Amino acid sequence: MAETRFTDTIEEELAFIPPTVKAIEFGGDQAYLRELQTLLRQRLASLVVMFERDPGLDAATADLYAAAAAIVQDTTAASQPLARKRRLLKEAQARFQARIATAQPNGRRAGAAWRQNELFLAA
């Protein structure tokens with residue numbers, strides 16, 4: 001029973017990632033995009049600690065966040081072509097989905113809180 005609730009929690013957290021990434025991809029005003037970036041960071045951080053330590057998952061998570069952050073931060077500067085940033089975001093999301101599909105849940109809700117901050121240092 002507890003494992004079912006834990007699996008449901010993982011699925012609920014995971015369900016928020018694609019719509020948030022899609023909203024960032026489609027753009028909007030700076031305040032809206034910053035809010036989405038914060039939401040994505042929170043969801044990824046709360047999700048990644050539910051799995052056993054996996055460097056591949058950590059890298060895919062950091063890449064996904066960095067790609068989303070690049071779109072948000074470059075909205076006004078436009079230093080890179082938007083099509084390129086969108087492609088990188090889609091590729092990062094595909095890597096994340098592939099890694100999360102093979103990741104092993106750690107069986108407990110909280111754990112490895114230090115990973116939450118470490119993963120997002122690059123972005």
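Analyst: A salt bridge here is a side-chain nitrogen of Lys or Arg within 4 Å of a carboxyl oxygen of Asp or Glu. The model is predicted.

User: How far apart are the closest N and O atoms of Glu25 and Lys90?

Analyst: Glu25 lies in helix H2 and Lys90 in helix H5, so their pairing ties together parts that are 65 residues apart in sequence. The two residues form a salt bridge, and their closest N and O atoms are separated by 3.4 Å.

User: Is Glu25 buried or exposed?

Analyst: Buried means under 20% relative accessible area. Glu25 has a relative accessibility of 6%, and therefore counts as buried.

User: Which residues are linked with Lys90 in a network of salt bridges?

Analyst: Lys90 itself is partly exposed, at 46% relative accessibility. The network that includes Lys90 also contains Lys22 and Glu25.

User: What is the length of the polar contact between the side chains of Ser46 and Glu13?

Analyst: Ser46 belongs to helix H3, residues 30–48. A polar atom of its side chain also lies 3.1 Å from the backbone oxygen of Arg43. The polar contact joining the side chains of Ser46 and Glu13 is 2.8 Å.

User: How many salt bridges does a search of the whole structure find?

Analyst: Among them is the pair Arg87 and Glu91, with closest N and O atoms 3.2 Å apart. These residues are four apart in helix H5, so about one helical turn separates them. The search of the whole structure gives a total of six.

Note on methods:
Residues numbered from 1 in each chain as written. Predicted model: local features only at pLDDT ≥ 70, side-chain atom pairs only at ≥ 80, totals over all residues. Heavy atoms only, no water. Helix = DSSP H or I, 4+ residues; strand = E, 2+ residues; numbered from the N terminus. Polar contact = N/O pair within 3.5 Å; in protein donor to acceptor, adjacent residues only side chain to side chain. Buried < 20%, exposed > 50% of the residue type's maximum accessible area, 1.4 Å probe, protein only.
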